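Colleague: I am new to reading protein models, and I would like to learn how to look at one step by step. Could you take me through the one on the screen?

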Amino acid sequence: MDAFRTRYLAKCAELGIEPLRCILDSLLLRDNSSSIKDLSGSKTRTAATIDVRGQALSVKACTALAAGIAEDAIFERYMLGDAFLGDDGCIILANALKTNTAALYVDLRGNNIRSDGATAVAQMLKVNTSLRTLILEWNCIGIWETGARAMADALSINKTLEELDLRNNKIGPQSAQAIALSLKHNTALKKLDFRWNNAGIIGGRALVDLLRWNTVLVGLDMIGNEIPDDVSRSLAIALERNRERSRTEQCAKTHSEHMASTLQTIAQVHREALENLGSKLNSTEARVADTSKRLTAASDEIQAERDAKTTAEAKLDRITVEMRGLEDTLAREREDVRVQIHRLNKEIIAEREKRVLAEESAQKAEKKHTKQLLELEASVSDLEMRLEVLKRDKALLFEDLSQSREREKSLQQLMDEKAQRMEANHVNQLSAVAEKKDREFRDKIQKLEDRLRSAEQDKLRVDEVIQRHFRILMSHSIIHQELDAQKAKYLSQKRALEEKLAELENRRSQDEELHKKELAEQSGVLQDAQRRHQEHVAELGRQHSEQLAHLRSQLTQAKAEVASATAAIDQVRERTNSLQTEADRRERTLVKELESARADVVRAGENEVKLREKLQKEVAEAVARKETEMKAEVERLVRTLEARARVIEDLQDELRRQDALIAELEGEQVDKMKELQMQVATMIAQKTASVSARIRSRSPLRMEPAALLHRTAVGDK
């Protein structure tokens, strides 16, 4: 805190401004500190706070405050709301927070932060690794998309921010969509307050799509964003699913901790049982030692009776040998039990290490799978963008086709007018040239027939062009139908649009069929006209034979008319040639455009098919690999649990066997002790009886007190 005070006061002196009283009070007293609560709601510790809310901070004041914040390690909460920072002050404080490692809570509400300030905050979020809560309420981040998109980029990188408040920031649909896309890669943010913005249906659907992949976000407020009810319900369902998943993960974590504590309890019980077993063994050894002492005392007492002691000593030697064997057996059993205890401790330690390694591998696999899913989502987004580009190209091609149809119609009209003019000229020329000679009449008829053949050839070329256009359109319709069929497998939600597209294709096909029928009808009309023209020519031939005499008389006048008609025919021929050249040029241009468009469509379809196949293959491989890994992990964990259960059962069986063995050994020892005591008592009684009989036979009155004392001593023993 002294370092913060020194830097702040030095910067104020350098800039020639007065230090803020509220900051000095925070430095001296720390009376306005607040408590930070952990996730369970219990108070953990008290956090130092800098509170300048409602203070009008100038640029110099912001610079002085930033000098203290930059390297501070004391204050964890910075309350900077309604401080009139603007973009300049926000940039200064955000740059200072880049190097701060203690700030957990920053409040920047109501500071008129716009694009530049939001960009600075985004740069800070990319670098800062300590901030947990950021309040940006009542600002203007969304007026321009630059600031909102910068925030979206920062959220895709930041891994520590848990709560973000973006209320009343005028964030539009596109910016909301960008923020939703960025949060697909965020695994730390748990609560987002997005109330009173302009997300609309686009932003709402983007957030619904976000919650399909993001399982960390459990709090999302979207009031006042003009989102439809169905989208709001989808958001509520997805959030509830995330909360349930969070609770499930917490329960799983608690269960794992409970299992670990259970295993520790079992290990402790085993240790206690083993300690009890050791204590029992020690007590048994003590009893055996006591019994040995008693036997030794009995042996010493019986030593006085040399003659009767031989049989007892042999029996005692055998008993001693057996006792030593039992002691050796007990020692071996105790050593075996200790070895088993040591081995079980090693196995428990190894199992713990394996469990820790398994948890680490599972976490790594989960992170790797999440990363792969995010990469696949990015590739899917790229494919969707490419599909939209192809659709726009398709619309442009349809427009070009409609324009080409209009040009074809205009060309057909020109050809019809040309044919009509040619027919009119032919009729006029035939009426004018009818008075010529038969040879000249036949030549002109031949010329007219040549011109009719050229017109028919022109018509055939036009029909070929129309047929080529029709084939191109049909190939385009087939290609688009295939593309739509493939897209229907992955974009079921766009089915309505595809149905509309199919309807438009059907209409286009119907229009093309109608156009073809009209062309066929026009062709029939032209053929009828040609037939009528031929009949008219034949009629004129018959009239020519009748009027030949009259035509010869008018030969001079006919020559002049023939010269004028020839000039007119030459003009018509030149115009026809120019029109034919223009039609050929337009036809070549249309053919080139259609060929290039068809090649572009084919290339786009091939690229789309390749990308879709690659994406499907990658998704299938990733899913199969993850499923295999998860199955192997589950099987390994099941085997581990089964092995642990078997080990526990073996330990329990071993303990039961040890208890039974100890009980059996104790019973055998008790039986042997009883038998030994009975044998010793019998031998002593027999010896005493014989000695008493001999003493009684010698001196019954004098030896009776001694015998009584001996019997009393034997009874006491």
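Predicted model: local features only at pLDDT ≥ 70, side-chain atom pairs only at ≥ 80, totals over all residues.

Colleague: Is Leu-97 buried or exposed?

Modeller: Leu-97 has a relative accessible area of 6%, and because buried means under 20%, Leu-97 counts as buried.

Colleague: Which residues does Leu-97 touch, if we leave out those up to four places away in sequence?

Modeller: Leaving those out, Leu-97 touches Ile-69, Ala-103, Val-106, Met-124 and Asn-128. Take Ile-69 from that list: Leu-97 and Ile-69 are 28 residues apart along the chain, and their C-alpha atoms are separated by 6.7 Å.

Colleague: Where is Leu-108 placed?

Modeller: Leu-108 sits in the loop between β4 (105-107) and α5 (115-127), and at 5% relative accessibility this loop residue counts as buried. In sequence Leu-108 and Leu-80 are 28 residues apart, while in space their C-alpha atoms are 5.2 Å apart. Not counting residues up to four places away in sequence, the residues that Leu-108 touches include Leu-80, Leu-85, Ile-113, Val-121 and Leu-134.

Colleague: What is the general idea behind such buried residues?

Modeller: In soluble globular proteins, nonpolar side chains tend to be buried together. In this model the largest nonpolar core has 74 residues, and Ile-23 and Leu-134 are those with the most contacts inside it. Ile-23, for its part, touches Phe-4, Tyr-8, Ile-50, Val-52 and Leu-65, again not counting residues up to four places away in sequence. Apart from that core lies another, of 14 residues, among them Leu-274, Leu-281, Leu-330 and Val-337.

Colleague: How should I read two helices that pass each other, such as α1 and α2?

Modeller: Look at how their axes approach and at what angle they cross: the axes of α1 (residues 2-15) and α2 (residues 21-28) come within 10 Å and cross at roughly 160 degrees. Because angles over 145 degrees count as roughly antiparallel, α1 is roughly antiparallel to α2. The crossing of α1 past α2 is left-handed. On the α1 side the contact is made by Phe-4, Arg-5, Tyr-8 and Leu-9, and on the α2 side by Ile-23, Leu-24, Leu-27 and Leu-28.

Colleague: What can happen when side chains of opposite charge come close?

Modeller: Side chains of opposite charge can pair when their charged atoms come close. The count of salt bridges here comes to 15. One of them joins Arg-167 to Asp-165, with the closest N and O atoms 2.6 Å apart; Arg-167 is buried at 17% relative accessibility, and Asp-165 is buried at 6%.

Colleague: Asp-51 forms a salt bridge with Arg-53, but how accessible is Arg-53?

Modeller: In that pair the closest N and O atoms are 2.8 Å apart. Asp-51 counts as buried at 19% relative accessibility, whereas Arg-53 counts as partly exposed at 46%.

Colleague: And which salt bridge does Arg-247 make?

Modeller: Arg-247 meets Glu-240 in a salt bridge of 3.3 Å, N to O; Arg-247 is partly exposed at 40% relative accessibility, and Glu-240 is partly exposed at 40% as well. Elsewhere, salt bridges that share partners join Asp-107, Arg-109, Glu-137, Asp-165, Arg-167, Asp-193 and Arg-195 into one network.

How values were computed. Residues numbered from 1 in each chain as written. Heavy atoms only, no water. Core = buried A, V, L, I, M, F, W, Y, C linked by side-chain atoms within 4.5 Å. Buried < 20%, exposed > 50% of the residue type's maximum accessible area, 1.4 Å probe, protein only. Contact = heavy atoms within 4.5 Å. Salt bridge = Lys/Arg side-chain N within 4 Å of Asp/Glu carboxyl O. Axes fitted to C-alpha atoms, helices over the stretch in contact; angles between N-to-C directions. Helix = DSSP H or I, 4+ residues; strand = E, 2+ residues; numbered from the N terminus. Parallel < 35°, antiparallel > 145°, perpendicular 65-115°, else oblique. Left-handed = near helix turned anticlockwise from the far one by under 90°.
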